[in-house]
Amino acid sequence: MNDFNKIAAKNNGKITIQDLSGFTMLGKGADGSVFQLTPVKCVKVFVNEETQKRELNALQIGQSSSVIPRLYEYGSNYIVMELVNGGNLKAYLKKEKQLPKPIVLKILFMLEELKRIGFTRLDTEVRHIFFNELEEIKVIDHKRAFTTNRSVPTKLFTGLKKLGYLEEFLSHVKEINPSLYREWKKIEIK
């Protein structure tokens, strides 16, 4: 972490991917790249500073929730946040070959938390839902938390359907929250 702080100070709070060549890359997407800094911290370096601002805003607002990664520091094009040691929901389903009720309860809790903290996008993709080593749920990639208005988790449904787990998910929802099930059952999933 000290090396990272030196890099950030040297570059006046701006980081390039080349600056992080000594760190392990955890992932790369359209918005940026994520590198592990310590066993508990990672840094996301953004391609676009506007995207960094939107994600930073969501992380700052979400700090009262256990489902949002902890925010440690940030610069003009990066965010240092909690490293979620664990796998995502997609990997979990491929490995376990089932979607048990306790996991569905955690997903429903996550969706309620997104609503409670004021996000207008109450949805996420299966690859952005993580479970740490204690099976606590965390959700990442919040750049659209306030720019998309979606009260139904259609991306989650689509991902679960592609993996073959939507019906199992909805059957648990029916048992846990019948009114929510009736509302969601009306939605056509592609």
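User: Is Phe-119 buried or exposed?

Analyst: Some ground rules first. This is a predicted model: local features need pLDDT of at least 70, side-chain atom pairs count only at pLDDT 80 or more, and totals for chains, interfaces and linings use all residues. Residues are numbered from 1 along each chain as its sequence is written, and side-chain values use heavy atoms, with hydrogens and water left out. Buried means under 20% relative accessible area, exposed over 50%, partly exposed in between (1.4 Å probe, protein chains only). Phe-119 has a relative accessible area of 5%, so Phe-119 is buried.

User: How is a pair of aromatic rings described?

Analyst: By the distance of the centres and the angle of the planes. Rings of Phe, Tyr and Trp (its six-membered ring) pair if their centres lie within 6.5 Å; planes under 30 degrees apart count as stacked, over 60 as edge-to-face and the rest as tilted. The structure holds six such pairs. For Phe-119 and Phe-146, the centres are 5.2 Å apart and the planes are at 75°, so the pair is edge-to-face. The two residues lie 27 residues apart in the chain. Phe-146 is partly exposed, at 31% relative accessibility.

User: Which residue forms a stacked pair with Phe-169?

Analyst: Trp-184 does, at 6.1 Å centre to centre and 15° between the planes. Phe-169 is buried at 0% relative accessibility. Trp-184 is buried too, at 5%. Phe-157, Phe-169 and Trp-184 form one aromatic cluster.

User: Where does the charged end of Lys-41 sit?

Analyst: A charge sits over a ring if NZ of Lys or CZ of Arg is within 6 Å of the ring centre and within 35 degrees of the ring normal. The charged end of Lys-41 sits over the ring of Tyr-72, 4.5 Å from its centre.

Note on methods
Helix = DSSP H or I, 4+ residues; strand = E, 2+ residues; numbered from the N terminus.
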